[in-house]
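Subject: Structure handover and pocket results

Hi,

Here is the structure I promised you.

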Amino acid sequence: MVDQEPATAADLAAMRVDYGDPLSVPEETDLDETWVAGGWEPLLRRWIEQARGLGIAESNAMVLATVSLTGPAPRPVARTVLCKGLAPEGITFYTNYDSAKGNQLAADPYAAATFVWPALARQVHLRGITERVSPEVTAAYWQTRPRDSRLGAWASRQSRPAASRAEVDRSLAETTARFADVDDIPVPPFWGGYLLRPDEVEFWQGRRGRLHNRIVLRIGDAGTTVERLQP
């Protein structure tokens with residue numbers, strides 16, 4: 001690892017990008033309400049695909065925030081996961097049900113997710129209730145996972161303390177031996193997917209002088225409303 005001098009407060013304060021027009025996407029114009037006339041899902045899908053097409057690694061990565069109720073007061077907890085499903089109903093991700101986020105979602109199913117592509121000056125925020133997907137949906141996704149990823153899901157007691165890296169490697173070796181003669185490794189009973197059903201989706205587009213474009217959709221039983229927010 002290369003030693004680096006820590007950034008000073010002045011260095012951090014000076015770090016900024018003034019997003020210009022047009023951006024990296026040639027046809028980019030100002031985000032407005034017409035972009036979500038067909039709902040939130042088509043635009044999010046298009047932005048993910050455009051980021052992927054421009055070579056942005058893991059363009060489906062999102063920061064997932066849950067609520068921890070284990071302390072004296074509720075507190076937010078965030079981490080990065082991968083979006084593995086996108087439909088008008090919501091976004092899907094997969095994890096260990098016994099992980100920290102799994103336990104937090106069991107106690108409070110409300111969550112938020114943020115996609116961010118700095119190179120494109122774009123963000124999308126989704127907020128809503130989560131629910132476990134059906135075993136059939138989990139099984140279908142599981143079939144797309146490489147063997148190493150399947151072994152890792154079985155070997156890891158996700159979010160639990162580990163005495164050392166050697167302990168983690170030993171668990172993987174034991175799991176690999178356990179399934180050595182199994183061609184189709186099954187889905188662990190403690191692992192599966194969640195669907196986040198958004199009741200609010202916000203699209204953000206960077207612009208000069210921090211006067212960004214923000215369009216929010218609020219989704220309820222009475223329908224969907226669309227509103228522009230101040231930067």
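In the second largest pocket, α6 (165-178) provides the largest share of the lining, six residues. This is a predicted model, in which local features need pLDDT of at least 70 and side-chain atom pairs count only at pLDDT 80 or more, while totals for chains, interfaces and linings use all residues. Residues are numbered from 1 along each chain as its sequence is written, and side-chain values use heavy atoms, leaving out hydrogens and water.

A pocket here is an open set of points on a 1 Å grid over the protein atoms alone, where a 1.4 Å probe fits, with protein on both sides within 12 Å along at least five of seven lines; lining residues have an atom within 4 Å of a point. Helices (H or I, at least four residues) and strands (E, at least two) are DSSP runs, numbered from the N terminus.

The largest pocket holds about 360 Å³ of space. Among its 16 lining residues, Tyr94, Thr95, Arg145, Gln158 and Trp191 lie nearest the centre. At least two residues each come from β2 (75-82), β4 (90-96) and α5 (147-155), and β4 gives the most, with four.

Happy to talk it through!

Best wishes

Key: Points joined across faces, edges and corners; volume = space filled by probe spheres on them.
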